[in-house]
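Trainee: I have a model open and would like to learn how to read it. Please take me through it one feature at a time.

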Amino acid sequence: MDFSLVLRRIGEAAPRHRLDIGDPDLPPPPELVEALRGGGDFRYGPSEGLPEFREAVAEVFKADPGEVVAVAGGRHGLAALMWIFRKRRLLTTSPFYPGYFDIAGVFGLELGLVEGGDGWIPNFAERGVYVVNYPNNPTGAVLPRGKVRELVDVAEFVISDEIYRDIVFTEFVSPAELSPSSVAVVYSFSKVFSVPGLRVGAVIAPRDIAREVARFNRATVNVAPTPAQRAVASVVHLLPRRSREISQAYLRRVELASAELRLRFTRPGGAFYLFPWVGDDVKCFESALEAGVSILPGSLYGRGGYVRIALVEPEERLREAFSAINKACGGG
Ligand SMILES: Cc1ncc(COP(=O)(O)O)c(C=O)c1O
């Protein structure tokens with residue numbers, strides 16, 4: 001089963017609970033909605049991003065504005081970086097975010113896999129350019145500091161997909177903290193502000209790489225949406241508070257799952273997904289769908305036998321969904 005077939009099946013079934021794609025249900029910050037309403041300037045802007053956007057993001061990431069480039073969402077930033085490193089050996093960890101293979105596929109690139117070990121934490125031993133994602137989709141794993149060190153020591157360069165860095169239940173260490181000259185961070189406002197349709201993110205990278213990302217922008221979207229950049233720039237200072245609030249909300253959902261979902265899963269350190277073992281992922285997907293809950297088969301993430309559950313409903317509704325999943329997937 002591929003992603004489009006799975007989504008078509010879900011669309012046809014019209015389930016009562018949509019716990020499949022990672023579309024956050026928490027409302028966006030009212031300040032951002034207000035800022036978007038007030039915007040009346042729709043002109044082009046520089047390909048590297050509006051100065052106010054680059055400055056605001058640079059402050060949060062303790063970077064220089066020259067190291068920040070606005071992109072049209074995290075996936076666009078990832079595409080830019082995978083293009084820039086297209087002639088090198090590209091590696092990612094398994095289970096993986098399928099978007100990396102969408103990008104590699106259209107560019108005709110090979111993407112090697114490093115298997116996740118205990119608690120979904122891989123051993124980093126192979127040389128190459130790594131595309132890593134922590135907190136991880138689909139497992140929720142977060143690398144301990146020692147593993148981040150192992151990664152930056154072995155990697156020729158790291159493309160660090162940090163789009164869930166503000167949804168964490170444990171200490172998060174960015175590879176960029178340990179080795180700023182060999183890491184590009186991909187950040188996105190999609191999940192933290194619950195605005196995946198806005199299409200704004202940022203790449204924070206050494207200047208020579210940042211310039212190449214701006215060049216990729218020029219060749220593709222020219223410039224990330226300027227009204228959205230302007231609105232986001234005005235609320236970037238809310239990130240620490242927002243991060244605390246949404247991390248608490250998602251953690252409550254994880255705790256509810258630990259209490260009520262009768263499936264075995266490694267407790268996530270961040271993001272808003274569970275990746276439990278079910279034995280037969282396609283059968284579980286089909287049975288859960290029949291019972292009114294859409295989840296995703298782990299085979300889409302490179303791991304048959306598991307399913308991914310996105311915690312994107314309020315607790316009361318999740319309780320009902322977990323009960324249906326328990327019955328459908330053998331948890332009792
Ligand atoms: C790991 C990961 N990276 C990147 C993305 C892309 O997000 P966006 O392009 O909306 O910023 C997603 C979205 O689900 C994701 O889970």
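Mentor: What follows goes through domains, core, sheet, backbone exceptions and ligand shell in turn.
This is a predicted model, in which local features need pLDDT of at least 70 and side-chain atom pairs count only at pLDDT 80 or more, while totals for chains, interfaces and linings use all residues. Residues are numbered from 1 along each chain as its sequence is written.

Trainee: Which domains does the assignment give?
Mentor: Domain bounds come from an automatic or database domain assignment. Here the assignment gives domain 1 (3-22 + 240-328) and domain 2 (30-237). Their centres, taken over C-alpha atoms, are separated by 25 Å. The contact takes 23 residues from domain 1 and 24 residues from domain 2; two residues are in contact if their C-beta atoms, placed from the backbone, lie within 7 Å.

Trainee: Which elements give two or more residues to the side of domain 1 that touches domain 2?
Mentor: Helices (H or I, at least four residues) and strands (E, at least two) are DSSP runs, numbered from the N terminus. On that side, helix 10 (239-260) and strand 9 give two or more residues. Helix 10 has the largest share, six residues. By class, the side of domain 1 that touches domain 2 has twelve nonpolar, eight polar and three charged residues. Ala, Val, Leu, Ile, Met, Phe, Trp, Tyr, Cys and Pro count as nonpolar, Asp, Glu, Lys and Arg as charged, and the others, Gly among them, as polar.

Trainee: How many residues has the largest nonpolar core?
Mentor: A nonpolar core is a set of buried Ala, Val, Leu, Ile, Met, Phe, Trp, Tyr and Cys residues joined through C-beta atoms within 7 Å. A residue is buried if 20 or more other C-beta atoms lie within 10 Å of its own, exposed if 12 or fewer, and partly exposed in between, with C-beta atoms placed from the backbone. The largest core in this model has 110 residues, and Leu81, Val203, Val213 and Leu311 have the most contacts inside it. Helix 4 (residues 74-84) supplies the largest share of this core, six residues. At least three residues come from each of domain 1 and domain 2. Leaving aside neighbours within four places in sequence, the contacts of valine 203 include Val69, Val71, Leu81, Val186 and Val213.

Trainee: What is the strand order of the open sheet of three strands?
Mentor: Two strands pair if DSSP finds at least two bridges between them. The order is 9-12-11, with antiparallel pairing. Strand 9 (273-274) and strand 11 (296-297) are the edge strands, each pairing on one side only. Strand 12 (residues 307-310) pairs with strand 11 over two bridges, and strand 9 pairs with strand 12 over two bridges as well. Leucine 274 has isoleucine 309 as its bridge partner, leucine 296 has arginine 308, and proline 297 stands opposite valine 307. Both faces of strand 12 are covered, with Val307 and Ile309 buried on one side and Arg308 and Ala310 buried on the other.

Trainee: Now the backbone exceptions. Which peptide bond from tyrosine 134 is cis?
Mentor: Most residues other than glycine have a negative phi, and most peptide bonds are trans. The bond from tyrosine 134 to proline 135 is cis, with omega near -10°. The bond from asparagine 137 to proline 138 is also cis, with omega near 20°. Proline 135 is in the loop between strand 5 and helix 6, and proline 138 lies in the loop between strand 5 and helix 6 too.
Positive phi is found at alanine 14, about 40°, and at serine 194, near 55°. Alanine 14 lies in the loop between helix 1 (3-13) and strand 1 (17-18), and serine 194 in the loop between strand 7 (183-188) and strand 8 (201-204).

Trainee: Is alanine 14 buried or exposed?
Mentor: Alanine 14 counts as exposed because it has 10 C-beta neighbours inside 10 Å. Serine 194 has 20 other C-beta atoms within 10 Å and is therefore buried.

Trainee: Why does threonine 139 count as buried?
Mentor: Threonine 139 counts as buried because it has 28 C-beta neighbours inside 10 Å. Threonine 139 is in the loop between strand 5 (129-133) and helix 6 (145-154). Not counting residues up to four places away in sequence, threonine 139 touches Pro95, Gly116, Trp120, Thr266, Pro268 and Phe275.

Trainee: Last, how many residues surround the ligand?
Mentor: A residue is near a molecule or strand if its C-beta atom, placed from the backbone, lies within 6 Å of it. The ligand is surrounded by 14 residues, and the closest are Gly73, Gly74, Arg75, Ser188 and Ser190. This shell divides into three nonpolar, nine polar and two charged residues.
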